[in-house]
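Please have a look at the sequence and the model first, and then I will go through the parts one after another.

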Amino acid sequence: MSSAADAQPDPVQSAKNALSSGSRFPWYDRKQDGVRRLSIVPRDAPKDRGQKWISTPQTTTTSNPVQLPKLNVVSSTLQWLGLTLLIVLLGVIAYLIAVSFLKDEISEGGSERKVVQVRRDAERVEALPFKVRAATSDFLAEGRRLYDAGQYSEAIIYLFSHELVELDKHQVIRLSKGKTNRQYLRETRSRPLIAGLLESTMVAFEDAFFGNKQLSRDVFERSWSHLNEFQLELEKQPA
């Protein structure tokens, strides 16, 4: 009786028999009973084969700057215009306030100067060597009114008062209580033309005021006609 090992076919021999059969195995060399080297020509690989897992750097393209819509441009322009108008408006308001303030200051200053001038004129009237019936410093206007009314003796009083006050304003004389007409006349000696005009008016005044004479029109007009000459001479600077 044969053993179980003898009953089983030889695997090596079985493989040879299988390889020697009609089936073709390109890698088996039956003559040498070995493995034949195969020359395998690879197929054309896809162009992207082997690059599937390779990350290629992406070229960063610079996009054009974003163009703001025309609406935004218009809105920005309107904002600048509004700001400019606001600044101009504030400047105008500040200017008007400054002008108003200056006008008030000038008005107040003018009012103060007017008050001072009136006070000084009143002091001059009080310092006259005679009492004037009309309590007014506008002697020239009152003299003209009386002259037009034909009251020459009264008109000469206001004409002489006007001349004395003007002489004091221009610092040719110094009005002061207690002084006489002759003293004022002496103070004008440095201005001969003024002294002559003042003396002519003073004589007519004393005749009417102290002598109670009724002056004629001709006598009054001798002084009245030289009034402009008197005023122009006062405006001149002393030599």
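Predicted model: local features only at pLDDT ≥ 70, side-chain atom pairs only at ≥ 80, totals over all residues.

Let me begin with how the elements are assigned: helices (H or I, at least four residues) and strands (E, at least two) are DSSP runs, and they are numbered from the N terminus. On that basis the protein chain holds 9 helices and 2 strands, and read from the N terminus their order is α-α-β-β-α-α-α-α-α-α-α. Residues are numbered from 1 along each chain as its sequence is written, and side-chain values use heavy atoms, with hydrogens and water left out.

Now a few values for the chain as a whole. I will call a residue buried under 20% relative accessible area, exposed over 50%, and partly exposed in between, using a 1.4 Å probe and protein chains only. Of the 239 residues in the protein chain, buried ones make up 24%. The chain exposes about 18,800 Å², and carbon and sulfur atoms supply 55% of that area; accessible areas come from the Shrake-Rupley method with a 1.4 Å probe, and for residues only the protein chains shown count as cover. As for contacts, meaning heavy atoms within 4.5 Å, residues 24 or more positions apart account for 58% of those with a separation of 6 or more.

Let us turn to helix α7, which covers residues 192–209. The expected span of a helix is 1.5 Å times one less than its number of residues, so the 18 residues of α7 should span 26 Å, and the end C-alpha atoms, at 25 Å apart, agree with that. Which elements do the buried residues of α7 pack against? They pack against α5 (152–169), α6 (181–187), α8 (217–224) and α9 (227–235). Among the buried residues of α7 are Ile194, Leu197, Leu198, Met202 and Phe205, and Glu206 is included too.

The next topic is the aromatic rings. Rings of Phe, Tyr and Trp (its six-membered ring) pair if their centres lie within 6.5 Å, and planes under 30 degrees apart count as stacked, over 60 as edge-to-face and the rest as tilted. By this rule the count comes to 10 aromatic pairs. In one of these, the ring centres of Phe139 and Tyr158 are 6.3 Å apart and the planes stand at 35 degrees, so the pair is tilted. This pair links distant parts of the chain, with Phe139 in helix α4 (residues 139–148) and Tyr158 in helix α5, 19 residues apart. Phe139 is buried at 1% relative accessibility, and Tyr158 is buried at 3%. Another tilted pair is formed by Tyr147 and Tyr152, with 6.0 Å from centre to centre and 55 degrees between the planes.

Now to the charged side chains. In general, side chains of opposite charge can pair when their charged atoms come close. I count a salt bridge where a side-chain nitrogen of Lys or Arg lies within 4 Å of a carboxyl oxygen of Asp or Glu, and a search of the whole structure finds 6 of them. In one of them Glu166 meets Lys169, with the closest N and O atoms 3.7 Å apart, and both residues lie in helix α5, 3 residues apart, which is about one turn of the helix. Glu166 is buried, with a relative accessible area of 11%, whereas Lys169 is partly exposed at 35%. In helix α8, Glu221 and Arg217 are 4 residues apart, again about one turn, and their closest N and O atoms are 2.7 Å apart. Glu221 is partly exposed at 23%, and so is Arg217 at 47%.

Finally, please look at the surface. Trp80, Leu83, Leu86, Ile87, Leu89, Leu90, Ile93 and Ile97 form a nonpolar patch there, with about 840 Å² of accessible area together. Patches are made of residues with over 30% relative accessible area and no salt bridge, where like charges are joined within 9 Å and nonpolar side chains (Val, Leu, Ile, Met, Phe, Trp, Tyr) within 5 Å. Ile97 is placed in helix α3 (residues 70–127) and is exposed, with a relative accessible area of 55%.
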